[in-house]
Amino acid sequence: MQNKKRLRNAAITGVGMYAPEKVLDNKYFESIVDTNDEWIRTRTGIEERRIMENGATSDMATKAVEDLLQSTNTSAEEIDAIIVATVTPDMLFPATACLVQDNIGAKNAWGFDLSAACSGFLYALQTGAGLIEGGQFNKVIVIGADKMSSIVDYTDRNSCIIFGDGASAVLLEPTDNLDYGIQDSVLVCDGSGRDKLYLKGGGSLNPATEETVQNRMHYLVQDGKAVFKVAVKQMAEVSVNLMEKNNLKAEDITYLVPHQANKRIIDATANRMGIDKDKVMINIQKYGNTTAATIPLCLTEYYRDGKVKKGDKLILSAFGGGFTFGSIYLVWSID
Ligand code: COA
């Protein structure tokens, strides 16, 4: 059940984004691997993706936060905490959150990175909401940012066509009106999927050596078919579970906001949930899979296009490496 014992909810009160300028269209991939535009469009729904040429994840995250601060008229000193969901941190440490904190001059903030692959934004949103609900923090920035081009193997046609770079951020603040903001979540991790989507090299198991480089162990590896099947099943299951817990019927939902990994996964998930196609946020055609950034990028674009209104009921749902998956139910609180 929805937790009404809370004294305050966390609500998204602002959004921001950054998409790098360089565009890689499907034609480009025809020149580097054995694929074609038609296959990519029909099998994934992707038409183009953005690539960060110079700079790292923290640079994209910083630009997204600058956009957020400017559009909400918030000063960096007001920020209490910064959470960065990413699997492509600039370095293992310091955390990308520290780099963003310094870049924007958030001198009163603490922060950390969170690794949950494509579910990263949802995990970070729930974590940020907990900080607000606890009463100790009032302005928390949650960022989803990934420079996937830094870990994609551009000789592997199964994976290289899917991913892109991008960053997006939301501001969380408290609301006393418990009808708004983040209402409930179902979040799961299942490490038995560890060999279906992973990056083996560079960690403590396989520190970088000549051998790890020769064996291409610093690139992402994915069993696309296995991931596809589990993604559809789990995203739909957790979403239906969340809807039942909160007495929501498909017609009550204004938007399903799914992780953008493959248009066919999105369609199948919506179908299993009984959600009409016109109530599903989609921008995969423009950005591909930007891992932790896909959901906030959708929220930002739809909100700025005037398509999301105060009181709208949203189910955010994601699936990713780990496996990690989950859904969050929130009521939009910005006019
Ligand atoms: N261009 C042309 N053919 C391709 C291709 C490409 N880019 N990628 C794969 N193929 C081929 C395969 O090699 C296979 O050929 P074969 O039958 O001769 O072996 C054929 O297409 C079908 O492969 P399959 O894996 O069944 O394709 P698919 O329809 O499942 O699409 C993915 C492949 C990767 C797009 C799809 O499985 C997918 O999206 N998986 C989930 C990925 C994901 O969501 N990852 C992020 C998790 S958050």
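Predicted model: local features only at pLDDT ≥ 70, side-chain atom pairs only at ≥ 80, totals over all residues.

**Around the ligand**
- Gln222 uses its side chain here: an N or O atom in it sits 2.7 Å from a nitrogen atom of the ligand.
- For Asn262, an N or O atom of the side chain is 2.7 Å from an oxygen atom of the ligand.
- Arg264 does something along those lines too, with a side-chain N or O atom 2.8 Å from an oxygen atom of the ligand.

**Helices α3 and α4**
- Look for α3 at residues 57-72 and α4 at residues 96-104; they pack at an angle of about 50°, and their axes are 9 Å apart.
- That angle is why α3 counts as oblique to α4.
- The two helices make a right-handed crossing.
- On the α3 side, the contact takes in Thr57, Ser58, Ala61, Thr62, Val65, Glu66 and Leu69, while α4 brings Thr96, Leu99, Val100, Asn103 and Ile104.
- Sorted by class, that contact has six nonpolar residues, five polar ones and one charged one.

**Helices α8 and α9**
- Further along, α8 (residues 224-245) packs with α9 (residues 263-273) at about 35°, with 9 Å between the axes.
- The crossing of α8 and α9 is right-handed.

**Backbone spots to check**
- As a rule, most peptide bonds are trans, and most residues other than glycine have a negative phi.
- Phe93 and Pro94 are joined by a cis peptide bond, with omega at about 0°; Pro94 lies in the loop between β4 (81-85) and α4.
- Another cis peptide bond links Gly322 and Phe323, where omega is about -5°; you'll find Phe323 in the loop between β12 (313-320) and β13 (324-331).
- Arg216 isn't a glycine, yet its phi is positive, near 55°; its place is in the loop between α7 (210-214) and β10 (221-222).

Notes
Residues numbered from 1 in each chain as written. Heavy atoms only, no water. Axes fitted to C-alpha atoms, helices over the stretch in contact; angles between N-to-C directions. Helix = DSSP H or I, 4+ residues; strand = E, 2+ residues; numbered from the N terminus. Parallel < 35°, antiparallel > 145°, perpendicular 65-115°, else oblique. Left-handed = near helix turned anticlockwise from the far one by under 90°. Contact = heavy atoms within 4.5 Å. Nonpolar A, V, L, I, M, F, W, Y, C, P; charged D, E, K, R; others polar. Polar contact = N/O pair within 3.5 Å; in protein donor to acceptor, adjacent residues only side chain to side chain.
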